[in-house]
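Keep the sequence and the model side by side while reading.

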Amino acid sequence: MPHAARLAACCDTILADMDTLAAADSAIYARLAAYRDPYLGQTLGEAKAIGTIQHLDDAVTVELKFGFPCADYSEELLPALQAHLAPLLNNAKLNVILRT
């Protein structure tokens, strides 16, 4: 097999993986946007609280931005978001980073 053919096949695989991750990120974003936070009284999407979403190995890290001190809120919010995102996580670990 010529070198260019091997490279093209490799690039196709990488691009397919990137498309899959982008679709997963979009689905996670949409599901997060629909989560109604009991303290905000609105969804995370309405609050514009969703920051970055990253996949690394078997973990998904979500950054949320709130306009109030929230360091101690992660202990309460993490289990609720794990349950809310469970259909999309496929056994991946969820990490939540809260920013003020």
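Beyond its neighbours within four places in sequence, His84 is in contact with Arg31, Ala34 and Tyr35, where contact means heavy atoms within 4.5 Å. His84 is part of helix α2; helices (H or I, at least four residues) and strands (E, at least two) are DSSP runs numbered from the N terminus. With a relative accessible area of 18%, His84 is buried; buried means under 20% relative accessible area, exposed over 50% and partly exposed in between, with a 1.4 Å probe and protein chains only.

This is a predicted model, in which local features need pLDDT of at least 70 and side-chain atom pairs count only at pLDDT 80 or more, while totals for chains, interfaces and linings use all residues. Residues are numbered from 1 along each chain as its sequence is written, and side-chain values use heavy atoms, with hydrogens and water left out.

Leu77 is another residue of helix α2, buried with a relative accessible area of 1%. Apart from neighbours within four places in sequence, Leu77 is in contact with Tyr35, Asp37, Leu64, Phe66 and Leu98. Its C-alpha atom is separated by 8.4 Å from that of Val96, 19 residues apart along the chain.

The helix itself, residues 74-89, lies across β4 and β5 and runs at about 135° to β5. Axes here are lines fitted to C-alpha atoms, for helices over the stretch in contact, and angles run from 0 to 180 degrees between N-to-C directions. Together, β4, α2 and β5 make a right-handed β-α-β unit: with the strands pointing away from the viewer, the path from the first strand over the helix to the second runs clockwise.

Next comes the sheet. It is open, has three strands in the order β3-β4-β5, and its pairing is mixed; two strands pair if DSSP finds at least two bridges between them. At the edges are β3 (50-56) and β5 (93-99), each pairing on one side only. Neighbouring strands of this sheet are turned by 15° against each other on average, direction ignored. β3 and β4 (residues 59-65) run antiparallel and are joined by five bridges, with Val62 in β4 as the bridge partner of Ile53. β4 and β5 run parallel, joined by seven bridges, and Ala59 has Lys93 in β5 as its bridge partner. On β5, Leu94, Val96 and Leu98 form the covered face, whereas Lys93, Asn95, Ile97 and Arg99 form the uncovered one.

Which residues touch the most other members of the largest nonpolar core? They are Leu32, Leu44, Leu64, Phe66 and Leu81, out of 21 residues. α1 (3-33), β3, β4, α2 and β5 each supply at least two residues of this core, and α2 gives the most, with four. Such a core is a set of buried Ala, Val, Leu, Ile, Met, Phe, Trp, Tyr and Cys residues joined through side-chain atoms within 4.5 Å. Leaving aside neighbours within four places in sequence, Leu32 is in contact with Leu44, Gly45, Ile50, Ile53, Val62, Leu81 and Leu85.

Two loop residues remain. Most residues other than glycine have a negative phi. Lys48, not a glycine, has a positive phi of about 55°; it lies in the loop between β2 (42-43) and β3 and counts as exposed at 71% relative accessibility. Asp57 also has a positive phi, near 55°. Asp57 is placed in the loop between β3 and β4, and at 75% relative accessibility it counts as exposed.
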